[in-house]
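I opened this entry to keep track of what I looked up and in what order.

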Amino acid sequence: MKLTSVELIRIAMPLVSPFRTSFGTQTSRQILLVHVTTPEAEGWAECVTLEDPVYSPEYTDGAAHVMRHHLVPRLAAAENLTAARVAQVLHPIKGHRMAKAALETAILDAELRAAGTPLSTYLGATKDRVAAGVSVGIMDSIPELLDAVDGYLQQGYVRIKLKIEPGWDYEPVKAVRERFGDILLQTDANTSYTLADYKLLQRLDAFDLLFHEQPLEEEDIAGHAQLAKLITTPVCLDESIVSAAIAADAITRGACSVINIKPGRVGGYLESRRIHDVALAHGVPVWCGGMLETGIGRAANAALAALPGFTLPGDTSASDRYYSQDVTTPFVLEDGHLTVPTGAGIGVDPLPDVLASLTTGTERLLG
Ligand code: OSB
Ligand code: MG
């Protein structure tokens, strides 16, 4: 395959409501879409970096820079490029997994479109729809939180994830559990606790939670293993798991019994599948996380979430949970599920007029 062009399209997307976590409040997304062409087809992908390096070291301007100066030149120079070879070609460049993931996904999309194969089929999906949960941000008050959760449950979301941090944990979790009864409920701390806070987390063991996601620092695998012995609620890792090798290490060291797979965080859908395979072999359930994606990233996540090891509902919510106008035909919630696209590749395209209206800049990196 020959890469004939690579273009970065920057879009600005206001969120329907502010999304507050321990690392800050997102009110809009500045997103890089990657558009590639080959002689046979075109391919699309979304780079999931946030504007600032607050969730991980990557950020949107940094991703554009590394693609422009380091990643795309290597791909352009590679002989016989295939999606399966992208990671190998880019391996000399350390880190920058979200930027690498976006390029690999766009190339994979082009390859699969040329072959007429849906991404879900290529990855080994066994489902045609995926259970959708929703990630609920930190709010100013408990009544406000209860209203938000109530709205999502009425729409049919099958699982609620509450963002927590020290000072916003016991009371909101208790209030949601008492008000809504036996729902699937989990938390996400985004690294905001230390092992010394274990007693705060022990108090949450009373609420029969599915798990706590990433309570401690991302590099603290040993700390998570210790914490897992101190609490009865299972530990799930997000930020810590950046590769299949780290996933295997974290599982065998007892640091987690559940894994959140985000393709951007781990360098793409091929590495995501390897993490899925490692986890499945260890009997560790996985689920598909989210980075407030548009329909472009969401389509590929829905394909991944259809693999057999994804036995827990994902943060794969419908388009209208994030955006009043998605860049693709919107993903809708049907009976608590999203439908996995069946078209070739990621199976969706940006709507040209909408894309044009959201675009704040374009940059051609090749061709
Ligand atoms: O930690 O899972 C996270 C959003 C941005 C960055 C990190 C996280 C999140 C979410 C929202 O929790 C997931 C989604 O609905 O896309
Ligand atoms: Mg998380």
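**Strands S1 and S2.** I began with strand S1 (residues 5–21) and strand S2 (residues 24–37), which run antiparallel and are joined by 13 bridges. Helices (H or I, at least four residues) and strands (E, at least two) are DSSP runs, numbered from the N terminus. Two strands pair if DSSP finds at least two bridges between them. I noted that S1 and S2 make a hairpin, with two residues between them. Along this pair I found Ser 5 opposite Thr 37 in S2, and Met 13 opposite Arg 29 in S2.

**Ground rules.** This is a predicted model, in which local features need pLDDT of at least 70 and side-chain atom pairs count only at pLDDT 80 or more, while totals for chains, interfaces and linings use all residues. Residues are numbered from 1 along each chain as its sequence is written, chains are lettered from A and ligands numbered from 1 in the order in which they are written, and side-chain values use heavy atoms, with hydrogens and water left out.

**The antiparallel sheet.** I then followed S1 to its other partner: S1 and S13 pair in the antiparallel sense over six bridges. Here Ile 11 faces Thr 359 in S13. The open sheet has four strands in the order S3-S2-S1-S13, paired antiparallel. Its edge strands are S3 (42–47) and S13 (359–366), each pairing on one side only. Neighbouring strands in this sheet are turned by 25 degrees against each other on average, direction ignored.

Helix H3 (residues 97–115) lies across S1, S2 and S3, and runs at about 155 degrees to S3. Axes are lines fitted to C-alpha atoms, for helices over the stretch in contact, and angles run from 0 to 180 degrees between N-to-C directions. Contact means heavy atoms within 4.5 Å. Next I checked helix H2 (residues 83–90), which packs with H3 at about 155 degrees, the axes being 8 Å apart. H2 is therefore roughly antiparallel to H3; the term covers angles over 145, and roughly parallel covers those under 35 degrees. I listed Ala 83, Val 86, Ala 87 and Leu 90 in H2 as meeting Lys 100, Glu 104, Ile 107, Leu 108 and Glu 111 in H3. By class this contact has six nonpolar, no polar and three charged residues. Ala, Val, Leu, Ile, Met, Phe, Trp, Tyr, Cys and Pro count as nonpolar, Asp, Glu, Lys and Arg as charged, and the others, Gly among them, as polar.

**Helices H9 and H11.** The axes of helix H9 (residues 244–252) and helix H11 (residues 269–281) come within 9 Å and cross at roughly 20 degrees. H9 and H11 are therefore roughly parallel to each other.

**The parallel sheet.** I found a second open sheet, of seven strands in the order S5-S6-S7-S8-S9-S10-S11, with parallel pairing. S5 (134–136) and S11 (286–288) are at its edges with a single partner strand each, so one side of each has no neighbour in the sheet.

**The magnesium ion.** Which protein donors hold the magnesium ion (ligand 2)? They are Asp 188 (OD), Glu 213 (OE) and Asp 238 (OD), lying 2.1 to 2.3 Å from the ion. Donors are N, O and S atoms within 2.8 Å of the metal (3.2 Å for Na, K and Ca); water is not among the atoms, so sites may look incomplete. I wrote down the sequence spacing of the donor residues as D-x24-E-x24-D.

Conventions. Angles under 35 degrees count as roughly parallel, over 145 as roughly antiparallel, 65 to 115 as roughly perpendicular and the rest as oblique.
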